[in-house]
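I opened my notebook for another structure today.

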Amino acid sequence: MSPTSGATAHVTHLVCLVCGRRFAPEEVEYLCPEHGDDGILDVVYDHERIATELSPATLAHDPDRSMWRYRPLLPVSPAADLPPLRVGWTPLYAAPRLGAELGLERLWVKDEGMQPTGSLKDRASAVAVVKARERGAAVVTTASTGNAAAALAGLAASVDQAATILVPASAPEAKVAQLLAYGATVLLVEGTYDDAFALSMRAAERFGWYVRNTGVNPYMSEGKKTAALEIAEQLDWHVPDVVVVGVGDGCIIGGLHKGFRDLVALGWTDRVPRLLGVQASGSDYLVQAWERDEDVVTKPAIAASTVADSICAGLPRDRIKALRAVQDSDGAFVRVGDDAILAAIPALARGCGVFAEPAAAAAYAGLRVAVSRGLVHRDDAVVVLATGTGLKDVPAAMRATGAAGIEARRVTPELEAVARALDLDRTVGRK
Ligand SMILES: *Cc1c(COP(=O)(O)O)cnc(C)c1O
Ligand SMILES: [Zn+2]
């Protein structure tokens with residue numbers, strides 16, 4: 001197959017975050033050739049033209065309950081075949097009980113666990129699969145801590161696209177099981193995520209695979225920005241004051257920033273919310289850089305380790321976009337320990353019914369820290385992005401409930417045993 005042009009109706013150019021050089025969409029595939037791994041590109045749109053096709057009024061009548069309702073704002077050609085799995089338009093739940101616990105008057109939780117493969121990564125992988133097919137790529141690849149891989153494998157399966165996935169051998173079982181079930185070719189790399197990432201880049205170059213890797217592929221944060229577009233639309237175009245999200249590579253928080261800026265550029269909203277990035281204490285590269293005002297182009301990788309595997313990244317790939325998102329939105333980065341992350345799993349589940357994996361629960365744990373530090377105020381409208389389902393990491397959930405002293409009670413299959421276990425003896429006896 002000959003590669004077809006990736007040009008789309010509404011992308012004007014891509015711009016290097018390091019040197020500001022501009023590229024036509026067909027001129028460059030991934031990174032700025034001058035700046036290697038750091039030369040991440042930002043996608044720039046013709047907002048005037050988009051506004052002739054899309055508006056809050058047209059959206060109000062659009063029955064498409066998926067991320068593709070924002071298609072003119074996405075880097076895919078109007079003729080592209082879209083994958084059939086339903087990605088996006090996840091529920092935004094009001095969470096008054098959870099809010100009250102933190103002293104917040106208006107709190108919402110957006111449940112990305114409802115995505116087809118169970119995490120927000122589906123938003124990016126859906127775009128990746130469209131781009132790979134535009135390019136006529138035989139194989140699409142990614143390195144991932146697990147969720148991006150599962151998302152790519154699932155979306156690829158839905159369109160019969162071959163995928164070769166590299167994950168650290170330590171990835172949670174459920175995520176590896178998903179990859180295998182979806183039919184991806186899986187390489188368990190004996191090393192860290194950063195090792196798997198470097199290896200996937202070299203393999204892709206050698207074997208001609210299309211690369212979905214976070215940061216390297218400029219279109220991934222475009223897919224992820226649809227979470228921001230949905231938050232605004234679901235709140236009737238009143239953007240919240242604060243959006244909280246767990247941060248590993250920084251692609252989601254960069255994407256949120258992009259989505260909210262698109263809406264301002266279109267004139268549909270008047271500001272960008274403060275973006276609050278939450279990292280694990282054992283993987284806090286961006287918190288460090290933000291606190292110490294370090295240059296993330298030169299700051300070296302740190303050793304990273306946390307129970308929240310999805311936000312474990314020694315060298316966040318999208319660190320430039322992530323830092324800019326927090327700085328430009330007047331937001332903040334906070335760190336939370338693994339104990340607080342685990343404790344947030346049952347807290348979130350009990351407080352609003354959303355069962356989250358550690359990296360997703362970390363956002364709630366971080367919000368608690370931000371409130372106690374006065375970074376978030378009681379009258380702020382706050383959205384917590386619950387980025388992935390708790391079923392992704394059942395052992396972590398068991399650890400979390402165990403640590404919180406929450407236990408099931410074992411009974412024999414008799415009514416008396418139930419009465420005894422629940423201390424209801426007398427009630428049952430009296431009838
Ligand atoms: C990937 C992921 C994150 C972090 O996103 P980054 O773009 O790496 O910062 C958070 N939570 C979950 C569940 C994820 O899968
Ligand atoms: Zn450059």
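My entries below follow a metal site and then a sheet.

**Entry: the model.** I noted at the start that this is a predicted model.

**Entry: the metal site.** Which residues coordinate the zinc ion (ligand 2)? I found Cys16 (SG), Cys19 (SG), Cys32 (SG) and His35 (ND1), at 2.2 to 2.4 Å. I then looked up the angles among the four donor atoms: they run from 102 to 121°, and the site is tetrahedral. Along the sequence, I read the donor spacing as C-x2-C-x12-C-x2-H. Cys19 sits in the loop between β1 (11-16) and β2 (22-23), and Cys32 in the loop between β2 and β3 (41-45), so this pair ties together parts that are 13 residues apart in sequence.

Entry: Cys19, at 38%, counts as partly exposed.

**Entry: the sheet.** I traced an open sheet of six strands in the order β4-β5-β13-β10-β11-β12, and its pairing is mixed. β4 (92-94) and β12 (332-336) are at the edges; each has a single partner strand, so one side of each lacks a neighbour in the sheet. From one strand to the next, the twist averages 25°.

**Entry: one strand pair.** How many bridges join β10 to β11? I found five, between residues 242-246 and residues 274-280, and the two strands run parallel. Val242 has Arg274 as its bridge partner in β11.

**Entry: a helix on the sheet.** Helix α13 (residues 338-352) lies across β5 (106-111), β11 and β12. Its direction is at about 100° to β12.

Note on methods. Residues are numbered from 1 along each chain as its sequence is written. Chains are lettered from A and ligands numbered from 1 in the order in which they are written. This is a predicted model: local features need pLDDT of at least 70, side-chain atom pairs count only at pLDDT 80 or more; totals for chains, interfaces and linings use all residues. Side-chain values use heavy atoms; hydrogens and water are left out. Two strands pair if DSSP finds at least two bridges between them. Helices (H or I, at least four residues) and strands (E, at least two) are DSSP runs, numbered from the N terminus. Axes are lines fitted to C-alpha atoms, for helices over the stretch in contact, and angles run from 0 to 180 degrees between N-to-C directions. Contact means heavy atoms within 4.5 Å. Donors are N, O and S atoms within 2.8 Å of the metal (3.2 Å for Na, K and Ca); water is not among the atoms, so sites may look incomplete. Four donors count as tetrahedral if all angles lie between 85 and 135 degrees; four count as square planar and six as octahedral if opposite donors are over 155 degrees apart and all others between 65 and 115; anything else is irregular. Buried means under 20% relative accessible area, exposed over 50%, partly exposed in between (1.4 Å probe, protein chains only).
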